[in-house]
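Hello,

Here is the model we talked about, with the sequence alongside. Could you open it and follow along while you read my notes below?

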There are 2 protein chains.
Amino acid sequence: MTGCNLETIRYYEKIGVMPEPPRTSKNYRAYDESHVGRLRFIMRARELGFTLEEIRDLLALVDGGAQTCGEVQVLANTHLDSVRAKIADLKRIEHVLSSTVAQCTGGDVPECPVIDALTEVT
Amino acid sequence: MTGCNLETIRYYEKIGVMPEPPRTSKNYRAYDESHVGRLRFIMRARELGFTLEEIRDLLALVDGGAQTCGEVQVLANTHLDSVRAKIADLKRIEHVLSSTVAQCTGGDVPECPVIDALTEVT
DNA sequence: CTTGAGCCTGTACTGGCTACAGACCTTAGG
DNA sequence: CCTAAGGTCTGTAGCCAGTACAGGCTCAAG
């Protein structure tokens, strides 16, 4: 249906981002279209890297029905900033790592620029 | 000394990447230069995004004293690949998110391109 | 001599799930 | 109709890389 693991949905239910669905006579969860829609919302937001806490905030706005584009934009921009910060961080790592590895001879010798970089005294 | 939280060092000791140091008569940990060096190694590797599992592997090579540049290079390249994969992932997110937010009016209206993107049926 | 700071051990918590155990239910085949 | 294999149910424990206590001991300054 959504490709989402059932246990993940149960987890979302437990932490309160998914509502508890009605049950069948045998106590099975009976989801309807609204649940599927909400789950998709959560899954898409997760794909965009929003934390469940941020998603809770987004949902609170939408659930109120009175969300404004301005409010949503603030949340999205905050998240965008953190995504950009992570990219910058990883790029720094990528740069250091790739330029160090590039100096490796790759042979059977014990001397290694990577180890040197991790061991250096300075 | 190293700027590392004491409780983090204890954690490293517990999971076996730091050796248990000798104790003073009052049971206080007595670190020497070798411990400091090893901790710095771990901290630098963490800064480069290596997991403690990967660091364990690196240390196993170094501890044997018979590490070769080739072996280290393999570990470093594997990690580099995962860093690059994360960057690619975050860039995709950054692209989608920034182009969606760019369409926001930011006003008091309920219509919002970000919400639309999360809610769309397709 | 007291007071505040350090260290000691052990346990519980974080996020975002995943992986069971043990019980119940459903469905297909014989 | 019966059985076996698969689903679902609840609850708990685990992953990573630490952080945050509680409750006790020790140490240095005033």
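Let me start at DNA strand C, where a polar side-chain atom of A:Arg46 lies 2.6 Å from one of the phosphate oxygens. That makes it a polar contact, by which I mean a pair of N or O atoms within 3.5 Å; within protein, one of the two must be able to donate a hydrogen and the other to accept it, and residues adjacent in sequence count only if both atoms are side-chain atoms.

Some housekeeping first. This is a predicted model, so local features need pLDDT of at least 70 and side-chain atom pairs count only at pLDDT 80 or more, while totals for chains, interfaces and linings use all residues. Residues are numbered from 1 along each chain as its sequence is written, chains are lettered from A and ligands numbered from 1 in the order in which they are written, and side-chain values use heavy atoms, with hydrogens and water left out.

**DNA strand C**

There are 16 residues around DNA strand C, and A:Glu7, A:Thr8, A:Tyr12, A:Arg46 and B:Arg29 come nearest. A residue is near a strand or molecule if one of its heavy atoms lies within 4 Å of it. Of the atoms of DNA strand C that come within 4 Å of the protein, sugar and phosphate account for 70%.

Which helix gives the most to the surface near DNA strand C? That is H1(A), with 4 residues. Helix H1 (6-14) of chain A and helix H1 (6-14) of chain B each supply at least two residues there. Helices here are DSSP runs (H or I, at least four residues), numbered from the N terminus. By class, this surface has 6 nonpolar, 4 polar and 6 charged residues.

**DNA strand D**

Around DNA strand D there are 16 residues, of which A:Arg29, B:Glu7, B:Thr8, B:Tyr11 and B:Arg46 come nearest.

- A:Arg23, with a side-chain N or O atom at 2.9 Å
- B:Leu52, with a backbone N or O atom at 3.4 Å
- B:Asn5, with a polar side-chain atom at 3.5 Å

Here H1(B) gives the most to the surface, with 4 residues. The classes are 6 nonpolar, 4 polar and 6 charged.

**How the two chains are related**

Chain B can be laid on chain A with an RMSD of 0.0 Å by a turn of 180 degrees and a shift of 0.0 Å along the axis. The two copies are thus related as by a two-fold rotation axis. The superposition is by least squares on the C-alpha atoms of residues with pLDDT of at least 70 in both copies. In chain B, the C-alpha nearest the axis belongs to B:Ile87, 2.9 Å from it. Both copies use the same surface, as 100% of the contact residues of chain B recur in chain A; contact means heavy atoms within 4.5 Å.

**Inside the protein**

The largest nonpolar core has 63 residues, and A:Ile42, A:Val114, B:Ile42 and B:Val114 have the most contacts inside it. Such a core is a set of buried Ala, Val, Leu, Ile, Met, Phe, Trp, Tyr and Cys residues joined through side-chain atoms within 4.5 Å. Leaving aside neighbours within four places in sequence, B:Ile42 touches B:Tyr12, B:Val17, B:Met18, B:Leu52, B:Ile55 and B:Leu59.

B:Thr100 lies in helix H4 (residues 69-101) of chain B and counts as buried, at 13% relative accessibility. Buried means under 20% relative accessible area, exposed over 50%, and partly exposed in between (1.4 Å probe, protein chains only). A polar atom of the B:Thr100 side chain is 2.6 Å from the backbone oxygen of B:Val96.

**Two backbone details**

A:Asn27, in the loop between H1 and helix H2 (33-47) of chain A, has a positive phi of about 75 degrees although it is not a glycine. B:Asn27 likewise has a positive phi of about 75 degrees.

Best wishes

Methods: Nonpolar A, V, L, I, M, F, W, Y, C, P; charged D, E, K, R; others polar.
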